[in-house]
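I set out to record the fold and the charged side-chain pairs of one protein model. The entries below follow the order in which I looked things up.

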Amino acid sequence: MPSDGFTPAFTPVEINYLRDERILEIIWDDGVQTRLGAELLRVESPSAEVQGHHPSEKKIIAGRRHVGIIDIVPVGNYAVRITFDDLHDSGLFSWQYLRELHDNQDKLWNDYLAALKARGLSRDPTKR
């Protein structure tokens with residue numbers, strides 16, 4: 001289904017947080033299953049605090065290897081607000097954004113690892 005810019009092309013039919021694995025699992029209405037790690041969700045949060053107001057302002061968030069999710073709250077019929085255990089909760093994860101994370105997960109993760117390395121940062125909390 002083509003998107004009109006307001007209606008998401010895909011919507012979740014089920015969202016589960018697998019606490020022990022720190023994985024957000026989404027089953028979409030087209031049958032696709034998404035598994036997104038809490039760390040990836042945290043470092044790619046759509047909040048202005050992480051993304052900035054321009055692509056050049058994006059922050060590299062280090063030290064989040066063990067981050068978990070403590071709450072997931074629906075926002076209307078288009079998004080969820082995720083509260084992470086580091087208390088970050090200012091990003092709204094729209095269905096469209098979650099699907100983009102699904103589609104680009106490998107590239108985003110590899111770019112994140114490269115950015116950490118280039119800045120001498122670590123995923124580990126004690127080695128920022």
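The entries start with the basis of the model and go on to the fold and the salt bridges.

Basis. I worked on a predicted model, in which local features need pLDDT of at least 70, side-chain atom pairs count only at pLDDT 80 or more, and totals for chains, interfaces and linings use all residues. Residues are numbered from 1 along each chain as its sequence is written, and side-chain values use heavy atoms, with hydrogens and water left out.

Fold. I found three helices and six strands, taken as DSSP runs (H or I, at least four residues; E, at least two) and numbered from the N terminus. From the N terminus their order is β-β-β-α-α-β-β-β-α.

Burial. I noted that 39% of the 128 residues are buried (under 20% relative accessible area; exposed is over 50%, partly exposed in between; 1.4 Å probe, protein chains only).

Salt bridges. I counted 10, each a side-chain nitrogen of Lys or Arg within 4 Å of a carboxyl oxygen of Asp or Glu.

Glu 39 pairs with Arg 123 at 2.6 Å between the closest N and O atoms. Glu 39 is in helix H1 and Arg 123 in the segment after helix H3, 84 residues apart. Glu 39 is buried, at 6% relative accessibility.

Arg 64 meets Asp 86 at 2.7 Å, N to O. Arg 64 is buried at 14%, whereas Asp 86 is partly exposed at 29%.

Within helix H3, Asp 111 and Lys 107 lie four residues apart, and their closest N and O atoms are 2.5 Å apart. Lys 107 is exposed at 54%.

Finally, I recorded a salt-bridge network that links Glu 21, Glu 25 and Arg 35.
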